[in-house]
Amino acid sequence: MWWSDDEWKALTAAEQCGMCADAHVLANEHSALIATTGTSYVRLARNQHHAGYSLVILREHAVDMAKLPPDQLSRFWADVQRAARVIDEVFQSKKIDYLVMGHRMPHLHCHLLPQHATDDPLRNVNIADGPTHLPPDAFDDAVAALQRAWESAEPPLDG
C-alpha cells in the first residue's frame, strides 16, 4: 500500500528532506561529495558493492523530473552524463545503469551503478547489494580520483 496522503506530504516536504539537508556537505554517512554544479551535487556512495556507485542529486528540492522546466532537466542530465564519463574513466566499467526512483527519498536524484566484467549481466542491479565498504584510505583515494577526473571532463551545459 502506498504512503497515506499525510505521510507523502511529510516525505515530500523540503524542510524534512534528508537530501536537502546534507547533499552539499563534503561527507556524510552515505556518501562523499565529488563535485557541485549550478544544478547538481555529485556524490560517491560509501557502499561500493558496485565499484564507482555514485549519485547525482538535484540541488533544488523537486520530487519528480516531470515537474522541471526543460532547461533545468537538460542541465541535470548533462551532469549525470558527465558523472558517468568520470566514473567510467576511473573505474573502467563495462556499462553504467541509471536508476531514478524517489518513492522512499522523494528528492530528484539518479543512482549511477557501474557494471563490471565480473558482474552477471542477466541479474537486475540492486542498490541494496552489499554493503561493501572500502577502507577509509581507499575510499578517499576513489573520491580524489573522481574529483580529478571531473575537473578534466567536459563541462555540463551550464558551464
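Leaving out neighbours within four places in sequence, Q72 is in contact (heavy atoms within 4.5 Å) with T39, L58 and E60. The structure is a predicted model, in which local features need pLDDT of at least 70, side-chain atom pairs count only at pLDDT 80 or more, and totals for chains, interfaces and linings use all residues. Residues are numbered from 1 along each chain as its sequence is written, and side-chain values use heavy atoms, with hydrogens and water left out.

Helices (H or I, at least four residues) and strands (E, at least two) are DSSP runs, numbered from the N terminus. Buried means under 20% relative accessible area, exposed over 50%, and partly exposed in between, with a 1.4 Å probe and protein chains only.

| Residue | Relative accessibility | Class |
|---|---|---|
| Q72 | 10% | buried |
| V90 | 27% | partly exposed |

When residues up to four places away in sequence are not counted, V90 touches A145, L146 and A149. V90 and W150 are 60 residues apart in sequence, and their C-alpha atoms are 10.0 Å apart in space.

**The pairing of α3 and α4**

The axes of α3 and α4 come within 9 Å and cross at roughly 125°. Axes are lines fitted to C-alpha atoms, for helices over the stretch in contact, and angles run from 0 to 180 degrees between N-to-C directions. The two helices, α3 and α4, are therefore oblique to each other; angles under 35 degrees count as roughly parallel, over 145 as roughly antiparallel, 65 to 115 as roughly perpendicular and the rest as oblique. On the α3 side, the contact is made by D79, R82, A83, V86, I87, E89, V90 and F91, and on the α4 side by A142, A145, L146, A149, W150 and E151.

**The nonpolar cores**

A nonpolar core is a set of buried Ala, Val, Leu, Ile, Met, Phe, Trp, Tyr and Cys residues joined through side-chain atoms within 4.5 Å. The largest nonpolar core has 27 residues, of which I34, V42, L44, V56, F76, L112 and L146 touch the most other members. Two or more residues of this core come from each of β1 (31-36), β2 (40-45), β3 (54-58), α3 (70-91), β5 (109-115) and α4 (136-152). The most is given by α3, with seven residues. Apart from this core lies another, of 10 residues, among them A23, L33, Y41 and L55.

Beyond its neighbours within four places in sequence, F76 is in contact with T39, S40, V56, I57, L58, L108, H109 and C110.
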